[in-house]
Amino acid sequence: MKLGRLAGSAVLITNGGAIDVARASGGRFGPDLDGIYERWSEFAAWADGPEATGAAAEDFDEAALEAPVGRPRQIFAIGLNYAAHAAEAGLQPARDLVVFTKFASSIAGPVSRVPLPTGTVDWEVEIVAIIGEEARRVTIDEAWDRVAGLAIGQDLSERTMQLHGQTPQFSLAKSHPGFSPVGPALVTLDELPDRDAIEFGCAVDGQTMQSGNTRNLLFSIPEIISELSRVVTLYPGDVIFTGTPDGVGLGRDPKVYLQPGQTLVSSAAGLGEIRSELTEAE
Ligand code: ZN
């Protein structure tokens with residue numbers, strides 16, 4: 001199943017187009033995504049059933065898709081979770097999970113315009129997991145069952161603020177408006193050939209900058225969920241940015257940052273692509 005959002009309403013995305021969830025379910029689910037994540041297993045069963053699969057799909061404009069998240073209670077992001085990225089940042093790979101947040105106001109849709117507040121904004125393509133079932137002290141083996149699905153994300157990062165102070169300022173420097181695009185849709189795990197080995201990457205104006213595979217995560221998605229859930233309760237609809245591979249602009253010599261007028265395209269096998277148009281500061 002591919003679950004997206006158009007004009008605030010949940011839609012199932014099929015080869016034939018978009019199916020409005022609220023209409024097709026006679027009001028049982030939707031239109032908002034929060035209620036769907038709260039009743040994820042019930043919804044997933046409905047989406048596989050005849051009422052949903054037999055519903056008429058309508059053409060839609062892919063550029064109009066919004067982020068497939070509702071109002072997440074928590075957004076987590078993981079740092080230094082690929083060894084080659086830690087090395088390019090001049091740091092040791094994470095031995096303990098490195099966790100920060102991206103504030104909810106930074107969430108953007110899969111096709112979006114992102115104003116650059118400074119000349120030192122960097123890309124970080126990541127695979128994003130969205131929680132479907134509450135998770136508290138779950139084991140690694142139980143963790144995938146708590147995931148509704150995956151999407152592509154960018155953990156856009158303003159490096160000057162991030163690195164300026166005595167300690168890194170991850171959360172704020174990575175939460176400017178538009179700095180957390182997610183999409184194009186939530187894709188359920190059964191749609192993926194291998195949920196533990198997803199190829200992904202990003203390109204600036206057609207030039208590949210990052211290419212990675214989630215099989216190289218230092219903390220796998222189930223390990224992240226298990227580890228987080230030892231401390232906090234994960235709620236349906238919560239969002240986890242799982243870490244970026246090497247190839248960010250900060251790690252280059254000389255360093256390279258995003259410029260107004262450029263287009264950043266982030267893609268992943270089986271998940272699609274998202275597109276960020278960088279613009280002048282607002
Ligand atoms: Zn990141």
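**Exercise 1.** Which element supplies the largest share of the lining of the largest pocket?

*Solution.* The structure is a predicted model, in which local features need pLDDT of at least 70, side-chain atom pairs count only at pLDDT 80 or more, and totals for chains, interfaces and linings use all residues. Residues are numbered from 1 along each chain as its sequence is written, and side-chain values use heavy atoms, with hydrogens and water left out.

Step 1. A pocket is an open set of points on a 1 Å grid over the protein atoms alone, where a 1.4 Å probe fits, with protein on both sides within 12 Å along at least five of seven lines; lining residues have an atom within 4 Å of a point.

Step 2. The largest pocket holds about 320 Å³ of space and has 18 lining residues, with Glu62, Leu65, Pro184, Gly272 and Glu273 nearest its centre.

Step 3. Two or more lining residues come from each of strands E2 (9-14), E13 (180-187) and E18 (272-279); strands are DSSP runs of at least two residues and helices of at least four, numbered from the N terminus.

Step 4. E18 gives the largest share, four residues.

**Exercise 2.** Describe the lining of the second largest pocket.

*Solution.* Step 1. This pocket has a volume of about 230 Å³. Among its 19 lining residues, Leu80, His85, Ala89, Gln162 and Phe170 lie nearest the centre.

Step 2. Strand E5 (75-79) and helix H7 (159-164) each supply at least two lining residues, and H7 provides the largest share, three residues.

How values were computed: Grid points are joined across faces, edges and corners, and a volume is the space filled by probe spheres set on the points.
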